[in-house]
Amino acid sequence: MKAVMIKEPGGPEVLEWTEVEDPEPAAGEVVVDVVAGAVNRADVMQRMGLYPLPPGASPYPGLEVSGRVSALGRGVTGWQVGDEVCALLTGGGYAQKVAVPATQVLPIPGGVALAEAAGLPEVTATVWSNLVMTAGLKEGETLLVHGGLGGVGSMAIQVAKALGARVVTTVGGPEKAARARELGADTAVDHRSEDFTEHGPYDVILDVIGGDYLERNIRSLADDGRLVVIGLQNGLDGKLNLADLVFKRLSVHGTTLRTQSKERKAAIVAEVRDKVWPMIENGSVRLLVEDRLPLDEAAEAHRRMEAGGHIGKILLMND
């Protein structure tokens, strides 16, 4: 088979479409013949050498795919060769085939095309595990989502609204603000000209930015508020007011999906299938797809992601 290799840390040009060995399913795994994959910010960080691989992870980038099951490892039940599926990966999605634990495989939601489903597993698992399983977002609470028109942000807005929360989001520019409101955001804040702290206080904040957003996030949380930091686009350093943390009884969580245990991922995937798939099937949540590119043009997909301006997911098609 062929896969996208990272020759060395660097820019998009270090991604190389090359011949590699086919994967073999270990016990409890299935092999999926990939129809499509999706690009995530973590793939870009891995390419740049800023995202160390968890032990045992595939060296190829790619955290989610859709396709058809082509082989079953020992002990696998519930799946058959030929099943159309999508899957949450620890890596290896930029390839024609990938081996994945069967507990991280999902059926295609009703009404969703097979290729489009490639953009669902990572973003839905990220949003559900952080908003609900970690932060405990409840009906009637107020959520702030930074980066509301990225893959995670656009999904978080919709899931939170489906749960009955009030949603505020930050975006870059009035056109994106309008799109965010179309997705269901109650308030869209243009971070270029407005201060998101003025629209709080917030019960939960989902932050993909990091860096100097930390101090303002903490200041704008309500009593018993929860901040979940899942991205570091603005860097690693931020100020933390411990008085706010203590006297407002705040919780700060830093987390990433990729490095969690197989058992934890299995639990997340099970909740996504049970709770989020019905939201997709009844139309209250939908995936936004910005573009589709051939898998061997992964470098161009990375350039588009790094340029910004995209809305939703960029898919990589294995035609």
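R304 is partly exposed, with a relative accessible area of 32%; partly exposed denotes the range between buried (under 20% relative accessible area) and exposed (over 50%), using a 1.4 Å probe and protein chains only. R304 forms a salt bridge with E300, and their closest N and O atoms are 3.0 Å apart. The model is predicted: local features need pLDDT of at least 70, side-chain atom pairs count only at pLDDT 80 or more, and totals for chains, interfaces and linings use all residues. Residues are numbered from 1 along each chain as its sequence is written, and side-chain values use heavy atoms, with hydrogens and water left out.

**Salt bridges**

- A salt bridge is a side-chain nitrogen of Lys or Arg within 4 Å of a carboxyl oxygen of Asp or Glu, and by this rule the count comes to 14.
- Side chains of opposite charge can pair when their charged atoms come close.
- E300 and R304 both belong to helix α8 (residues 298–307), where they are four residues apart, about one turn of the helix; helices (H or I, at least four residues) and strands (E, at least two) are DSSP runs, numbered from the N terminus.
- An α-helix has 3.6 residues a turn, so residues three or four places apart point the same way.
- E300 counts as partly exposed, at 28% relative accessibility.
- A network of salt bridges links D291, E300, R303 and R304.
- K97 forms a salt bridge with D33, with 2.7 Å between the closest N and O atoms.
- The K97–D33 pair links distant parts of the chain, with K97 in strand β6 (residues 97–101) and D33 in strand β3, 64 residues apart.
- K97 is partly exposed, with a relative accessible area of 23%, and D33 is also partly exposed, at 27% relative accessibility.
- R216 forms a salt bridge with D195, and the closest N and O atoms are 3.7 Å apart.
- This pair, too, links distant parts of the chain: R216 is in helix α5 (residues 213–220), and D195 is in the loop between β10 (187–190) and β11 (202–207), 21 residues apart.
- R216 counts as partly exposed, at 24% relative accessibility, and D195 is partly exposed, with a relative accessible area of 24%.

**Negative surface patch**

- E19, E21, D22 and E24 gather in a patch of negative charge on the surface.
- Such a patch is made of residues with over 30% relative accessible area and no salt bridge, like charges being joined within 9 Å and nonpolar side chains (Val, Leu, Ile, Met, Phe, Trp, Tyr) within 5 Å.
- Lys and Arg count as positive and Asp and Glu as negative, while His and the chain ends are not counted.
- D22 is found in the loop between β2 (15–19) and β3 (29–39).
- At 40% relative accessibility, D22 counts as partly exposed.

**Buried packing**

- L131 lies in helix α2 (residues 121–134) and is buried, with a relative accessible area of 1%.
- Leaving aside residues up to four places away in sequence, L131 touches G136, L137, L143, A156, A160, V204 and L206; contact means heavy atoms within 4.5 Å.
- The C-alpha atoms of L131 and V159 are separated by 8.9 Å, and these residues are 28 residues apart along the chain.
- In α5, the buried residues are Y213, L214, N217, I218 and S220.
- These buried residues of α5 pack against β8 (142–146), β11, β12, α6 and β13.

**Backbone features**

- G200 and P201 are joined by a cis peptide bond, with omega about 5°.
- P201 is found in the loop between β10 and β11.
- D224 has a phi near 65°, a positive value in a residue other than glycine.
- D224 is in strand β12 (residues 221–229) and is partly exposed, with a relative accessible area of 40%.
- R249 has a phi near 60°, again a positive value in a residue other than glycine.
- R249 lies in the loop between α6 (242–247) and β13 (251–254) and counts as partly exposed, at 46% relative accessibility.

- P174 is in helix α4 (residues 174–183) and counts as exposed, at 63% relative accessibility.
- P174 and A188 are 14 residues apart in sequence and 8.8 Å apart in space, C-alpha to C-alpha.

Notes: Accessible areas come from the Shrake-Rupley method with a 1.4 Å probe; for residues, only the protein chains shown count as cover. The place of a charge is taken as NZ of Lys, CZ of Arg, CG of Asp or CD of Glu.
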